[in-house]
Amino acid sequence: MTETRPAAEAPGPPGPPPGPPPGPLVGADWLAGRLGEPGLVVFDASVGAHRGADRRIPGARPFDLDGALSDHEAPAPHTMPAAAAFEEALRALGVDDTSTVVVYDGAGVYSSARAWWMLRAMGFDRAAVLDGGLPAWTAAGLPVEAGGPAYEGPRGSFTARPRPGLLVDFAAVGAALADPGALVLDARTRERFTGAAPEPRPGLRGGHMPGAVNLPFGELQQAGGLMRPAGELREAFAALAGDRERLYFSCGSGVTACVLALGATLAGRSSLAVYDGSWTDWATRPELPAVTGRP
């Protein structure tokens, strides 16, 4: 007698995509509670000594600012790729327009802010930075996997929708320096800003743009590499910018300038731009002025 088996139950329709992050910054607890959910993409955007480290948040994929996610034909490092190249890189990493993205780095909040700002500049708002990065994740006793970030899954459907004005060039920054309603803030250390310490890139002249003010990115962070509370960030920007609404951010190559952009966003400011190429681009143009010492 042939046994009759019940028909296999057909799989149900896919569930709804996860909601967007609650803001531009999420804590380790928020991410830990959603890790592994369909539609959640976790990126490791570490650079320098932290790039390709032998541990990662489970499932983390590489947002490689020293690799495919910078334009290596540009004279300055970490320059934003063209929209088509950025779109292709994100699709190859499995990102969809409905994905929820969380970016971290191995230093805390450093290069992850650059990845977040690049996504915003390409019209993607479903992304957040992990507050405190990998150090905060491990300090909370949360799991890590051996090996660096990797991805071998299906392609995504990400669509680049560039937003002009979020990443700007030297001409826009030069105009901002002459605009009484704008302010250029430099995220480098005070020693590099004044020219007392040499630039890490050999042969690059030191100092800063005349009219720029210094706000080292580390001053927006507290112990453990976490971002300072929104109220303190509002005070920090108000002390330097007053009622000037348009803020432009610079650093060495456009990475930590994005930490200032993140801090300003958390502080409730909205008319923000990052100088792509930053001091590396400015200082290699001999026609552009530079000054040393304190303003």
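1. Start with the rings: Phe43, Phe63, Phe86, Phe124 and Phe158 are linked into a cluster by ring pairs. Pairing here means that ring centres of Phe, Tyr or Trp (its six-membered ring) lie within 6.5 Å. Over the whole structure, the search turns up eight aromatic pairs.

2. A quick word on the source: this is a predicted model, with local features needing pLDDT of at least 70 and side-chain atom pairs counting only at pLDDT 80 or more, while totals for chains, interfaces and linings use all residues. Residues are numbered from 1 along each chain as its sequence is written, and side-chain values use heavy atoms, leaving out hydrogens and water.

3. Have a look at Phe124 and Phe158, a tilted pair at 5.8 Å centre to centre with 55 degrees between the planes (stacked is under 30 degrees, edge-to-face over 60, tilted the rest). Phe124 sits in the loop between helix H3 (111-121) and strand E6 (127-130), and Phe158, 34 residues apart from it, in the loop between strand E7 (145-146) and strand E8 (167-168). Helices (H or I, at least four residues) and strands (E, at least two) are DSSP runs, numbered from the N terminus.
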